[in-house]
Amino acid sequence: MRKLLFILLIFMLSTIWVTAQSETFDASYNALVLEHDGQERTAHLYVPEGEIQGAMIALHTILSSARAMEGMTGLNTIADERGWVIVYPEALQLYWDDGRTSVDLPPNNGAVDDSGYLASLADYLRDTYAIEDVYLTGHMQGGTMALRALCDYPTAFDGVAIVSALMWSYQTETCAEQTGTNLLFIKGTDDHIYWDETRVIGQNTDWTLLGVVDSYRFWANQFVCDTPVASSVEGSVLGIASCENDYQVAFLPIIGVGNTWVRRGENSLNNVGLETAEIIAAFVAQDDNWETTAVQQSLIDTLPRSYITYVPPSYDPTTPTPVVISLHGRGANNISQALSSGWNEVADEHGFIVAYPQAYDANFNDPQQADAVWFYERGNPIFGNFLQQNDDVFLDNMIAELSSLYNVDATRLYVNGLSNGGYMTHRLACTRSDTYAAFASMAANAPYGVSIFCDEVDVQSPILIYHGTSDTISPWDGATFPFAENDEDAYMLAPIPNTVAFWLDQNGCSSNYAETDLPNDDSGSRVVHVSYTDCPEDGAVELYAVINGGHVWHGVRDFESDFLGEVNMDVNASEIIWEFYSQFTLDGRIDTESEQPEPDRTGIGFPDISATINTPFAPQDE
């Protein structure tokens, strides 16, 4: 188990000039395409009206996108105020190559000259707009990429701001001698990825993530700086060091906030009265009053929560856009979920937004106890409220924030999850059937107590269940525990037949079904689709049974694991789930004329589940 958590943690973290100064523009995307190192590199461009005074390059995090960065940061408002061009580059791989490929930090699809591309992009902006100042900022892994670019091209940028990120040791080993620039770090004190203390990831000392002091000390030495002093502005927690050539290195801790780009406004997530874009702009431009923009106005009255977003290039801000929310498993993280599920690629093809929330972990900075979980048991009288978080409300707030940043189609919100995230999805199908149009669980049975939440509301929740018959963590046949009041066993995890029966009952469906064997090229497993044929228009139940399948997200990335089991690669599960989702809005089925298949009880010989409908969590007598 420890090895598995280590692998998931790795997933979490995770000079050639322009060969042709030719560029193309796509009006629908505002895309700037430059050829660099023999490859076309794309960036989203925002150009304000009026005279251009400067430019800023803004880097998204790993497994995110340029359009997501544009929406979340508020930098376009800064562009309008200051006359700056804002450029949002797209990473060529799933990640920016901040040096990670040199030490084989996963995911690793090969080295990319991202530093050279960013330096070339800065030169292009200076030449094209006849400006002097080009600034650089980045969020999370985009921040570590900005540090790598500063190391490789010390004179390319006139100010750099790093948000929710620190430095890797492999970057210090190749960093060029610096002439200096203004450098600002902004980081939440409760960041679950970039800790205050330096730490080694796993047992590989090449993968050492520097803490606050070591990251600052490195750059203070590079720029020949004095000992940092506290800001003279009352109420500020800024630390500022003066360096040679009148440069500054500053560090702003945001109290009580996690791994996020903080905003003001009506959002209730991580709102402490600060606007990150304003702080960055005032700092890199060295405004006389820049320190006052960094005074934290309040503390958050909720737990620090975060998520990453993927917005496809086809996103049109004038058109309401569906949103898919994908929840990771226990002990994992949102970046590993984005990597394993492949939702970004499906979003590119079909034109929707994906959000990957991060489960809360009260012990995030203790590797012996860290365990990020979705609290799907909240309110269950058997378990009580033994964890702090209310994940239903967190996801409500996340959706509200997304709706303030992007043009979200509120009738086409969908949620899915893997393992613990799948148990949470079953809960949400009861507690938020009026929020999400359809649901999907992967490697997740219905958990004990979910019926309590469904009894409280009138539930019709279209749901797709994707499950391996050889799953040893969420077993097909369920898992029991002794019920304390009467000393009888009950299912902590209902068997998949019982899970299906429960949702048939909730959705008003009969147990008639049609079975289809999907085309099979995978030698180790196969997929059987079970479609329940007698459901009302606002309800549906579908099962994809992976014969010999394990506790994994199927059909996206193949790997071998004795612990997790077989990955079936016959069909892409995320594509299957989107096809299911796309039938539904909150108002019911989109295509009401489609014909239902005739019942066909062949294939896996799915058992008669009618006896379990009323008692899905009670073990049946043999």
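The paragraphs that follow go through ring pairs and then charges over rings.

This is a predicted model, in which local features need pLDDT of at least 70 and side-chain atom pairs count only at pLDDT 80 or more, while totals for chains, interfaces and linings use all residues. Residues are numbered from 1 along each chain as its sequence is written, and side-chain values use heavy atoms, with hydrogens and water left out.

The structure holds 19 aromatic pairs, where rings of Phe, Tyr and Trp (its six-membered ring) pair if their centres lie within 6.5 Å, and planes under 30 degrees apart count as stacked, over 60 as edge-to-face and the rest as tilted. The pair of Tyr 414 and Trp 578 is edge-to-face because the ring centres are 5.8 Å apart and the planes stand at 90°. Since Tyr 414 belongs to strand S17 (residues 408-418) and Trp 578 to helix H15 (residues 573-581), the pair ties together parts that are 164 residues apart in sequence; helices (H or I, at least four residues) and strands (E, at least two) are DSSP runs, numbered from the N terminus. Tyr 414 is buried at a relative accessible area of 0%, and Trp 578 is buried at 6%, where buried means under 20% relative accessible area, exposed over 50% and partly exposed in between (1.4 Å probe, protein chains only).

Tyr 466 and Tyr 544 form a stacked pair, 5.3 Å centre to centre with 10° between the planes, and both are buried.

The charged end of Arg 41 sits over the ring of Tyr 117, 4.3 Å from its centre, a term that requires NZ of Lys or CZ of Arg within 6 Å of the ring centre and within 35 degrees of the ring normal.
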